[in-house]
Amino acid sequence: MTTTSLTKTDDHSTPILAATGVTMRFGGLTAVRAVDLTVRPGEIVGLIGPNGAGKTTFFNCLTGLYVPTEGRVAYQGTVLPPKPHLVTQAGIARTFQNIRLFANMTVLENVLVGRHTRTKEGLASALLRLPSFRRAEQASKERSMELLEFTGLATKCDHLARNLPYGEQRKLEIARALASEPGLLLLDEPTAGMNPQETRATEELVLAVRDQGTAVLVIEHDMRFIFRLCDRVAVLVQGEKLIEGTSETVQADERVIAAYLGTPFEGAPGSDEVAEVEAAEAHQHTAQTEDGQ
Ligand SMILES: Nc1ncnc2c1ncn2[C@@H]1O[C@H](COP(=O)(O)OP(=O)(O)OP(=O)(O)O)[C@@H](O)[C@H]1O
């Protein structure tokens, strides 16, 4: 697979991820507007925001599922072409908001699938089962088993993915994402639907992922999870980055509190539009009242 379409940037500090001016429009709707975000090696960064703020759309721009209307995404100083397989090959892996496992494959097979970007053997050697293919296959299995040990799923390697409890299915997604040996892991709502123990276990797992050298960018609605875990948190509201800082800074910011409680504040993204709609509604109400008199 070719990487010749990757181009070097002039960035000397070389964060692991640098998104610059990322904008995504769907027709007349601007879901993400001029968002800058960096993740540095060894960091866990959180991305939060109310429903519909543009978090998943931003993830989709980072991973090449969407071609941003404007802006660029660089991984370790190299601008990524918006093609999912090239993004994975460069070193970014992700999980999805809704579980996307191969339900009728075993736990081990699911992780092996995740290794395909790191397997060099071609179709011919696979079909002919050449010695080089068998060696590569064995190495892949060993690495996949290591990842299942790491995520606590090794004893279930032969189980069908669909038979795992919910919390373990989410762990398996993380194991499969790690199988591509990413430098950056993107997690989209990893604790959605989990009970408190499962959430706690996920927290431990994310810390372990970071400790073994993979930076993490995580979207999550569970604020306790985010503020306990993250070195830095960015807040999206109506597609724009409202604030970015430590958990303490973000938690104390009155604009963040207002965004979550739905109370508009001066200068908030979209506040002009909200004011216009409210004025139009008030005008219509007045007109209707007058008509009724
Ligand atoms: N493919 C699409 N086509 C048109 N509009 C879209 C598309 N994907 C997302 N949107 C819109 O973009 C906005 C942002 O959606 P997005 O799913 O990114 O928000 P989110 O912050 O991830 O929300 P949630 O926390 O509910 O998952 C929403 O108004 C959504 O309806």
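How many helices and strands does the protein chain have? There are 11 helices and 11 strands, where helices (H or I, at least four residues) and strands (E, at least two) are DSSP runs numbered from the N terminus.

## Ground rules

What you're looking at is a predicted model, so local features need pLDDT of at least 70 and side-chain atom pairs count only at pLDDT 80 or more, while totals for chains, interfaces and linings use all residues. Residues are numbered from 1 along each chain as its sequence is written.

## The chain overall

Buried residues account for 34% of the 293 residues in the protein chain. Here a residue is buried if 20 or more other C-beta atoms lie within 10 Å of its own, exposed if 12 or fewer, and partly exposed in between, with C-beta atoms placed from the backbone.

Now for contacts, meaning residue pairs whose C-beta atoms, placed from the backbone, lie within 7 Å. Of those in the protein chain between residues at least 6 apart in sequence, 68% join residues at least 24 apart.

## Around the ligand

The shell around the ligand consists of Phe26, Leu29, Ala31, Gly49, Asn51, Gly52, Ala53, Gly54, Lys55, Thr56 and Thr57; a residue is near the molecule if its C-beta atom, placed from the backbone, lies within 6 Å of it. By type, that's four nonpolar, six polar and one charged. Strand E3 (29-39) and helix H1 (55-62) each supply at least two shell residues, and H1 gives the most, with three.

Two of the shell residues, Phe26 and Leu29, also stand opposite each other, with Leu29 in E3. Strand E2 (residues 17-26) pairs with E3 in the antiparallel sense over seven bridges; two strands pair if DSSP finds at least two bridges between them. Their hairpin has two residues between the strands, and Gly27 takes a positive phi near 55° there.

## The six-stranded sheet

Six strands make an open sheet with mixed pairing, in the order E7-E8-E9-E4-E10-E11. At the edges sit strand E7 (92-94) and strand E11 (240-245), each pairing on one side only. From one strand to the next, the twist averages 20°. Strand E10 (residues 232-237) and E11 run antiparallel and are joined by five bridges, and Val235 has Ile243 in E11 as its bridge partner.

Helix H7 (residues 196-211) lies across E4, E8 and E9, at about 150° to E9. Axes are lines fitted to C-alpha atoms, for helices over the stretch in contact, and angles run from 0 to 180 degrees between N-to-C directions.

The protein chain is divided into domain 1 (1-91 + 182-262) and domain 2 (101-181), with bounds from an automatic or database domain assignment. The contact takes 12 residues from domain 1 and 11 residues from domain 2. On the domain 1 side, helix H2 (84-90) and H7 each supply at least two residues; H7 gives the most, with five. That side divides into seven nonpolar, four polar and one charged.

## A look at Tyr66

Tyr66 is in the loop between H1 and strand E5 (70-75). Tyr66 counts as partly exposed because it has 19 C-beta neighbours inside 10 Å. Leaving aside neighbours within four places in sequence, Tyr66 is in contact with Met24, Thr57, Asn60 and Cys61.

Key. Ala, Val, Leu, Ile, Met, Phe, Trp, Tyr, Cys and Pro count as nonpolar, Asp, Glu, Lys and Arg as charged, and the others, Gly among them, as polar. Two residues are in contact if their C-beta atoms, placed from the backbone, lie within 7 Å.
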